Amino acid sequence: MSNKPRAILTGNAPAPAGHYSQATRSGSNLYISGQLPIRTDKVPLPDREFETQARQAIANMLAILEAAGGKAEDLCRVTAYIVGVENWPEFNRIYSDMLGGAKPARTVVPVPELHYGHLVEIDAIAAIPDQD
């Protein structure tokens, strides 16, 4: 596996809206860009509830991880930015439900606001075994 960085792009997560990749892989390291709660077809979510947004953002992260050949157990570090510290327990519940037994290092950062009025953004670093 080459250590030269290469972009990861999947149609199972929203296309980048700026000058960045969904993720970059270098060797076995995968760096997933911040994922907002946006559907791949750009159709608005059925509601603006925190749970709906958190599930979509995590699903986007996991779709990119899978496109790179990884799974939740390959995650090393996750950072979540959530609007409203009161959403932390709900985020923890949803995150646990979606990641199952995977328990990467994690930081949750309460913030006053996120782009486009979203309530959660999540990024990650994973170590994916070579597939040779």
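Of the 31 residues in the largest nonpolar core, which touch the most other members? In this predicted model, they are Leu30, Ile58, Met61, Leu75, Phe91, Leu99 and Ile122. Several elements of the chain come together here: strand 3 (29–35), helix 1 (50–67), strand 4, helix 2 and strand 6 (120–127) each supply at least two residues of the core. Helix 1 gives the most, with nine residues. Setting aside neighbours within four places in sequence, Leu75 is in contact with Met61, Leu62 and Leu65, with Leu99 and Pro104, and with Ala124, Ile125 and Ala126.

Two of the strand pairings can be followed in detail. Strand 3 and strand 6 run antiparallel and are joined by five bridges; Asn29 stands opposite Ala127 in strand 6. Strand 4 (residues 75–83) and strand 5 (residues 105–111), by contrast, run parallel, and seven bridges join them. In this pairing, Arg77 stands opposite Ala105 in strand 5. To get from strand 4 to strand 5, the chain crosses through helix 2 (residues 88–99), and this β-α-β crossover is right-handed.

Ser26 is found in strand 2 (residues 23–26). With a relative accessible area of 18%, Ser26 falls under the 20% limit and therefore counts as buried. Beyond its neighbours within four places in sequence, Ser26 is in contact with Ser2, Asn3, Lys4 and Pro5.

Leu36 lies in the loop between strand 3 and helix 1. Leu36 is buried too, because its relative accessible area of 13% is under 20%. Not counting residues up to four places away in sequence, Leu36 touches Ala57, Asn60, Tyr116, His118, Val120 and Glu121.

How many salt bridges does the structure hold? There are six. One of them joins the side chains of Arg39 and Asp41, with an N to O distance of 2.7 Å. Arg39 is partly exposed at a relative accessible area of 29%, and Asp41 is partly exposed at 43%.

Glu51 takes part in two of the contacts described here, beginning with a salt bridge to Arg55 whose closest N and O atoms are 3.0 Å apart. Glu51 and Arg55 both lie in helix 1, four residues apart, which is about one turn of the helix. Glu51 is partly exposed, with a relative accessible area of 28%, and Arg55 counts as partly exposed at 26% relative accessibility.

Glu51 also forms a salt bridge with Arg93, and here the closest N and O atoms are 3.4 Å apart. This pair links distant parts of the chain, with Glu51 in helix 1 and Arg93 in helix 2, 42 residues apart. Arg93 counts as partly exposed at 42% relative accessibility. Which residues belong to the network built from salt bridges that share partners? The network joins Glu51, Arg55, Glu90, Arg93 and Asp97.

Key:
Residues numbered from 1 in each chain as written. Predicted model: local features only at pLDDT ≥ 70, side-chain atom pairs only at ≥ 80, totals over all residues. Heavy atoms only, no water. Pairing = 2+ DSSP bridges. Right-handed = clockwise from strand over helix to strand, strands pointing away. Core = buried A, V, L, I, M, F, W, Y, C linked by side-chain atoms within 4.5 Å. Buried < 20%, exposed > 50% of the residue type's maximum accessible area, 1.4 Å probe, protein only. Contact = heavy atoms within 4.5 Å. Salt bridge = Lys/Arg side-chain N within 4 Å of Asp/Glu carboxyl O.
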